[in-house]
Amino acid sequence: MALQIQHLLGLEGVSREDINLILDTADNFYGVLQRDIKVVPTLRGKTIVNLFYENSTRTRISFELAEKRLSANPLNFAASTSSVNKGETLRDTIQNIEAMKIDMVVVRHSAAGVPYFLTKCTDAVIVNAGDGFHEHPTQALLDMMTIRQKFGKLEGLKVAIIGDIFHSRVARSNAWGMKTMGMDVVLCGPPTLLPQHAHTASLGVPVTDNLDEALDGADVVMLLRIQLERQSSAVFPSNREYRDRYGVDLDRLSKLKENVVIMHPGPINRGVELASNVADSKNAVILDQVTNGVAVRMAVLYLLGGGE
Ligand code: CP
């Protein structure tokens with residue numbers, strides 16, 4: 001089977017069939033990753049450039065690991081040590097890299113739309129590793145893989161996504177993907193960190209500033225990091241105020257379903273959106289998400305890269 005999409009720019013508009021194919025393929029690669037020898041030859045001879053204009057720990061390392069596990073040749077580009085610092089444009093950068101004969105580009109950038117732009121100036125396959133406030137599709141795919149592992153299904157589960165919704169590409173990709181998969185998604189945060197009404201309406205999932213309402217009946221609670229680097233002015237009084245009103249601590253955890261799953265894309269602001277003892281509790285699957293990130297990225301690269 002082949003994907004209907006040629007690039008992974010976001011989950012908006014991606015079909016249920018494509019998401020299921022990626023998740024099923026990721027489950028197979030998860031099995032490969034449990035073996036002593038974790039390398040398969042499926043992308044041998046393919047060259048993949050990891051073009052990171054923004055900081056990353058989990059996404060960059062797991063893409064590189066996924067590429068190595070698939071026997072591809074990864075090349076790592078960090079804007080901070082490149083000729084971007086001499087004023088080279090994005091178009092010139094990608095066209096010079098493409099002149100060296102590459103097959104795929106994994107890109108992270110602070111500007112929304114950069115992955116789409118790259119599809120217009122290169123023939124390489126483009127995978128979005130996070131673009132501004134827009135989307136972070138592989139994060140949402142690994143989140144759905146983790147939920148499916150825990151519950152054996154996605155359809156009908158209630159997911160509360162709580163925090164800095166306005167600045168969150170993770171919330172946006174999960175809202176698109178989870179809605180497509182028949183999940184019941186609610187977005188929650190302080191009014192100043194919620195998207196404008198028109199924007200919200202286009203996502204097509206409910207939004208509330210009432211935490212109790214969002215948590216009521218939730219099977220999955222996903223906390224988002226307060227993204228201080230994307231805020232130009234203070235949008236809530238203090239970290240303490242945020243923690244008291246929207247943070248999840250043991251007291252709030254005790255009022256949720258016993259088998260509730262606690263998720264976080266990382267990095268965590270411990271003691272702000274999530275108490276340390278909840279992040280480390282048996283309900284938390286935060287490190288499972290990271291483990292699954294390698295399998296999901298192997299699946300995406302394999303399916304888009306024409307692997308055999
Ligand atoms: N979840 C995530 O994107 O983490 P990094 O910014 O460390 O890649």
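Predicted model: local features only at pLDDT ≥ 70, side-chain atom pairs only at ≥ 80, totals over all residues.
Local features are given only where pLDDT is at least 70, side-chain atom pairs count only at pLDDT 80 or more, and totals for chains, interfaces and linings use all residues. Residues are numbered from 1 along each chain as its sequence is written, and side-chain values use heavy atoms, with hydrogens and water left out.

**Ligand site**

Around the ligand are Ser56, Thr57, Arg58, Thr59, Arg108, His136, Gln139, Pro265 and Gly266, each with a heavy atom within 4 Å of the ligand. This shell comprises one nonpolar, six polar and two charged residues, with Pro counted as nonpolar, Arg as charged and Gly as polar.

| Residue | Part of residue | Ligand atom | Distance |
|---|---|---|---|
| Arg108 | side chain, N or O atom | oxygen | 2.9 Å |
| Gln139 | side chain, N or O atom | nitrogen | 3.0 Å |
| Gly266 | backbone, polar atom | nitrogen | 3.5 Å |

Taken alone, the ligand exposes 260 Å², and the protein buries 90% of that (accessible areas by the Shrake-Rupley method with a 1.4 Å probe).

**Salt bridges**

There are 11 salt bridges in the structure, each a side-chain nitrogen of Lys or Arg within 4 Å of a carboxyl oxygen of Asp or Glu. One of them joins the side chains of Arg148 and Asp27, at 2.8 Å from N to O. Arg148 belongs to helix α5 (residues 137–151) and Asp27 to helix α1 (residues 16–32), so the pair ties together parts that are 121 residues apart in sequence. Helices (H or I, at least four residues) and strands (E, at least two) are DSSP runs, numbered from the N terminus.

**Backbone features**

Gly266, one of the residues around the ligand, is joined to Pro267 by a cis peptide bond with omega of about -10°. Pro267 is in the loop between β9 (261–263) and α11 (276–279). Ser71, although not a glycine, has a positive phi of about 70°; the loop between α2 (58–69) and β2 (73–78) contains Ser71.

Methods:
Polar contact = N/O pair within 3.5 Å; in protein donor to acceptor, adjacent residues only side chain to side chain.
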